[in-house]
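Biologist: I am new to this model. Could you walk me through how to read it?

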Amino acid sequence: MKVKYFAWVRERIGITEETVEPPAGVRTVDDLIGWLSTRGETYAYAFEKPKVIRAAIDHTHVKPDAAIAGAREIAFFPPMTGG
Amino acid sequence: MTGPVTIRVQEDDFDIAREIAGLTRDRTDIGAVVTFSGICRSDEDSAKVAALTLEHYPGMAEEEIRRHVDEAISRWPLDGVTVIHRVGRFMPGQNIVLVLTASQHRKAAFEAAEFLMDYLKTSAPFWKKEESATGTGWVEAHARDDEAAARWTRS
């Protein structure tokens with residue numbers, strides 16, 4: 001699946017997007033954050049406060065317990081500040 | 001609803017008069033157009049802002065705005081909606097966002113415009129980065145914006 005990062009999540013990780021293949025035990029958005037956090041210091045820094053992180057699956061906002069099965073694109077970003 | 005819906009995310013500035021004309025041209029049934037324009041301001045929490053950079057999630061931003069425009073259309077008798085959100089780097093005084101709502105009467109137009117702005121602030125994937133004399137940093141979300149959006153939630 002494709003993973004995208006925005007705003008300071010993107011800056012901390014250092015890339016805008018990547019394709020990942022998480023192991024079978026990674027079922028929810030929360031699981032995915034946990035797994036991504038183990039991939040290096042930059043990820044651990046970006047996800048150090050997982051409760052602050054918002055997620056979207058295929059362009060729709062989702063909660064941390066949302067299942068990631070079948071997702072084409074998952075995005076992680078801080079709370080929105082547009083308008 | 002009978003009327004145009006326009007949703008754009010763009011770097012270019014918008015012309016408010018031209019956008020209003022786009023909603024009211026050849027129409028004699030519209031009695032109210034409410035305009036909200038959001039402008040880059042220089043004072044943010046007592047710090048002087050030199051510039052703002054707006055980042056967005058292409059694709060989702062337009063879709064998320066569309067979902068809220070559709071909800072507004074289902075809740076109020078509207079005759080046209082325009083939402084334009086700019087992205088890029090802005091100096092104080094420059095336009096950032098435009099919401100236009102057209103209706104026969106003002107109440108629906110006012111309420112729908114406020115509803116759309118409250119959700120644009122909390123739910124549309126845009127992020128502001130601020131440059132000031134003390135440095136550069138991402139703007140933090142305000143609880144007051146979440147509260148403003150929450151009051152539209154129907155139980």
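Modeller: Start with one pair. B:Ile7 stands opposite B:Val83 in β5(B). Strands pair if DSSP finds at least two bridges between them. Helices (H or I, at least four residues) and strands (E, at least two) are DSSP runs, numbered from the N terminus. Here β1(B) and β5 (residues 78–86) of chain B pair in the parallel sense over six bridges.

Biologist: What should I know about the numbering and the model?

Modeller: Residues are numbered from 1 along each chain as its sequence is written, while chains are lettered from A and ligands numbered from 1 in the order in which they are written. This is a predicted model, where local features need pLDDT of at least 70 and side-chain atom pairs count only at pLDDT 80 or more, while totals for chains, interfaces and linings use all residues.

Biologist: In what order do the four strands of the open sheet in chain B stand?

Modeller: The order is β1-β5-β7-β2, with mixed pairing. β1 (5–10) and β2 (32–39) of chain B are the edge strands; each has a single partner, so one side of each is left without a neighbour in the sheet. The twist averages 5° from one strand to the next. Axes are lines fitted to C-alpha atoms, for helices over the stretch in contact, and angles run from 0 to 180 degrees between N-to-C directions.

Biologist: Which helices lie across those strands?

Modeller: Look for contacts. Two residues are in contact if their C-beta atoms, placed from the backbone, lie within 7 Å. Helix α1 (residues 16–24) of chain B lies across β1, β2, β5 and β7 (95–103) of chain B, at about 25° to β7(B). α3(B) lies across β2, β5 and β7 of chain B, at about 145° to β7(B).

Biologist: How many helices and strands does chain B have?

Modeller: Four helices and nine strands. Along the sequence the pattern reads β-α-β-β-β-α-β-β-β-α-β-β-α. The radius of gyration of chain B, taken over C-alpha atoms, is 16 Å. Of the contacts in chain B with a separation of 6 or more, 75% join residues 24 or more positions apart.

Biologist: What share of chain B is buried?

Modeller: First, the rule. A residue is buried if 20 or more other C-beta atoms lie within 10 Å of its own, exposed if 12 or fewer, and partly exposed in between, with C-beta atoms placed from the backbone. Buried residues make up 35% of the 155 residues in chain B.

Biologist: Which residues have the most contacts inside the largest nonpolar core?

Modeller: A nonpolar core is a set of buried Ala, Val, Leu, Ile, Met, Phe, Trp, Tyr and Cys residues joined through C-beta atoms within 7 Å. The largest has 55 residues, and those with the most contacts inside it are A:Phe6, A:Val9, A:Ala75, B:Ala72, B:Val99, B:Ala112 and B:Leu116. Helix α3 (residues 106–123) of chain B gives the most to this core, with nine residues. Leaving out residues up to four places away in sequence, B:Leu116 touches B:His68, B:Val69, B:Ala72, B:Val83 and B:Val99.

Biologist: How many residues of chain A are in contact with chain B?

Modeller: 14 residues of chain A are in contact with 22 residues of chain B. On the chain A side, α1 (7–13) and β5 (73–77) are the elements that give two or more residues. That side divides into nine nonpolar, five polar and no charged. Ala, Val, Leu, Ile, Met, Phe, Trp, Tyr, Cys and Pro count as nonpolar, Asp, Glu, Lys and Arg as charged, and the others, Gly among them, as polar.

Biologist: Which strands make up the open sheet in chain A?

Modeller: Five strands, in the order β2-β1-β5-β3-β4, with mixed pairing. β2 (17–19) and β4 (60–62) of chain A stand at the edges. β1 (residues 2–5) of chain A pairs with β2(A) in the antiparallel sense over three bridges, and with β5(A) in the parallel sense over four bridges. A:Val3 stands opposite A:Glu18 in β2(A). In β5(A), the bridge partner of A:Val3 is A:Ile74.

Biologist: Is A:Ala7 buried or exposed?

Modeller: A:Ala7 is buried, with 23 other C-beta atoms within 10 Å. A:Ala7 lies in helix α1 of chain A, and its phi is near 55°, a positive value in a residue other than glycine.

How values were computed: The radius of gyration is taken over C-alpha atoms; the globule rule is 2.2 Å times the number of residues to the power 0.38.
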